[in-house]
Amino acid sequence: MRKALAAEHLTKAFGRLLAVNGVSLEVAEGSVHAVIGPNGAGKTTLFALLSGALRPDRGRVFLFGREVTHLPPEKRVRLGLSRTFQVPQVFPNLTVKENLQIALEAARGLSPYPWLRRKDRLAVEERIQALLERLGLEEKAQRTVGELAHGDQRIVEVGLALSLGARLLLLDEPTAGMSDEETWRTVELLKVLHREEGITLLFIEHDMEVVFGLAERVTVLHLGEVLAEGTPEAIAADERVQAAYLGEVVRG
Ligand SMILES: Nc1ncnc2c1ncn2[C@@H]1O[C@H](COP(=O)(O)OP(=O)(O)OP(=O)(O)O)[C@@H](O)[C@H]1O
Ligand SMILES: [Mg+2]
């Protein structure tokens with residue numbers, strides 16, 4: 001198995017709180033892998049360590065076989081890793097098309113200016129059209145992103161990651177705050193990206209229906225540690241996992 005991502009014994013403390021504690025994780029290339037766990041389990045912190053937004057106190061990160069523990073986020077992006085956030089990170093005052101254009105030009109090292117070479121401009125234009133179609137956003141290409149529905153903004157964010165050339169997509173709660181219809185659309189889009197573009201997906205998710213609909217493997221985090229890992233079916237049947245979630249309900 002070729003690994004898109006491997007984490008070895010990652011640890012990150014905030015003061016005395018061990019947010020991520022000795023977490024190891026392997027994500028096979030071309031697979032769909034979910035990270036679940038109660039609130040505060042360390043999921044988002046783990047993603048920050050994987051993407052390079054945070055440096056681990058201990059442990060190592062490998063991307064497509066190459067160690068990246070000390071590389072900043074933008075270098076990891078160049079190696080094919082992109083991340084989306086719990087709250088969408090888009091350019092809200094620009095149109096959908098302009099958002100994609102900026103990311104595509106940045107990825108190609110092009111300056112966003114009119115004197116850009118005509119050939120490069122045409123290549124970017126073609127890729128924008130292909131992406132708009134892939135994302136189902138052709139009709140909203142000229143709309144200002146900040147005025148779109150939440151679900152569409154999240155899809156634009158996925159579009160930005162694709163524009164940057166992502167081969168491995170880290171999605172932090174991709175369906176959070178979505179209506180059923182938006183959730184279903186997002187799941188379908190992620191399936192298509194996986195199936196037709198061969199993109200490896202690692203996603204944090206609270207909605208177990210989405211986890212079951214997408215993931216081949218599930219890692220459960222609890223209090224900063226890996227509590228269990230397995231197929232969705234095995235995880236759903238795991239008594240320790242049920243107890244961890246029950247503990248949350250009781251505490252909450
Ligand atoms: N920058 C920070 N400074 C201090 N503490 C932090 C910081 N970021 C996260 N934490 C703490 O670390 C723990 C793990 O937080 P994290 O956001 O990774 O959890 P999570 O699993 O993503 O939770 P949720 O499901 O609510 O998004 C929490 O106790 C949180 O309060
Ligand atoms: Mg989180």
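Predicted model: local features only at pLDDT ≥ 70, side-chain atom pairs only at ≥ 80, totals over all residues.
Strands here are DSSP runs of E with at least two residues, numbered from the N terminus. By that rule, T84 sits in strand β6, which covers residues 81–84.

Another threonine, T69, turns up in a loop, the one between β5 (66–67) and α2 (73–78). With a relative accessible area of 3%, T69 is buried as well. Its side chain gets to within reach of a backbone atom, with 2.9 Å between it and the nitrogen of V61. V61 is also on the list of residues that T69 touches, along with R55, P56, G59, R60 and R76, again not counting residues up to four places away in sequence.

Helix α5 has 14 residues, and the distance from its first C-alpha to its last is 20 Å, close to the 20 Å expected at 1.5 Å a residue. How many of the residues of α5 are buried? The count is 13 of the 14, so α5 is largely enclosed by the rest of the structure. After α5 comes G165, which has a positive phi near 85°.

Helix α6 runs over residues 180–197, which makes 18 residues. From first C-alpha to last it reaches 25 Å, close to the expected 26 Å. Which residues of α6 are buried? They are E182, T183, T186, V187, L189, L190, V192 and L193. Just after α6, G198 takes a positive phi of about 65°.

At 11% relative accessibility, T183 counts as buried. Leaving aside neighbours within four places in sequence, T183 is in contact with T175, M178, D207 and V210. For a sense of scale, the C-alpha atoms of T183 and N93 are 24 Å apart, and these two residues are separated by 90 residues along the chain.

Finally, there is ligand 1, which has 14 residues around it. Which of them are closest? Those are N39, G40, K43, T44 and T45. A polar side-chain atom of N39 is 2.9 Å from an oxygen atom of ligand 1, while for an N or O atom in the side chain of K43 the distance is 2.8 Å. For T45, a polar side-chain atom lies 2.6 Å from a ligand oxygen. On its own, ligand 1 has 640 Å² of accessible area, and the protein covers 61% of that. Two elements give two or more residues to the shell, namely β2 (17–28) and α1 (43–51). The largest share, three residues, comes from α1. Sorted by type, the shell holds five nonpolar, seven polar and two charged residues.

Note on methods: Residues numbered from 1 in each chain as written. Chains lettered and ligands numbered in written order. Heavy atoms only, no water. Helix = DSSP H or I, 4+ residues; strand = E, 2+ residues; numbered from the N terminus. Expected span 1.5 Å × (residues − 1). Buried < 20%, exposed > 50% of the residue type's maximum accessible area, 1.4 Å probe, protein only. Near = heavy atom within 4 Å. Polar contact = N/O pair within 3.5 Å; in protein donor to acceptor, adjacent residues only side chain to side chain. Areas by Shrake-Rupley, 256 points an atom, 1.4 Å probe, with all protein chains shown as cover. Nonpolar A, V, L, I, M, F, W, Y, C, P; charged D, E, K, R; others polar. Contact = heavy atoms within 4.5 Å.
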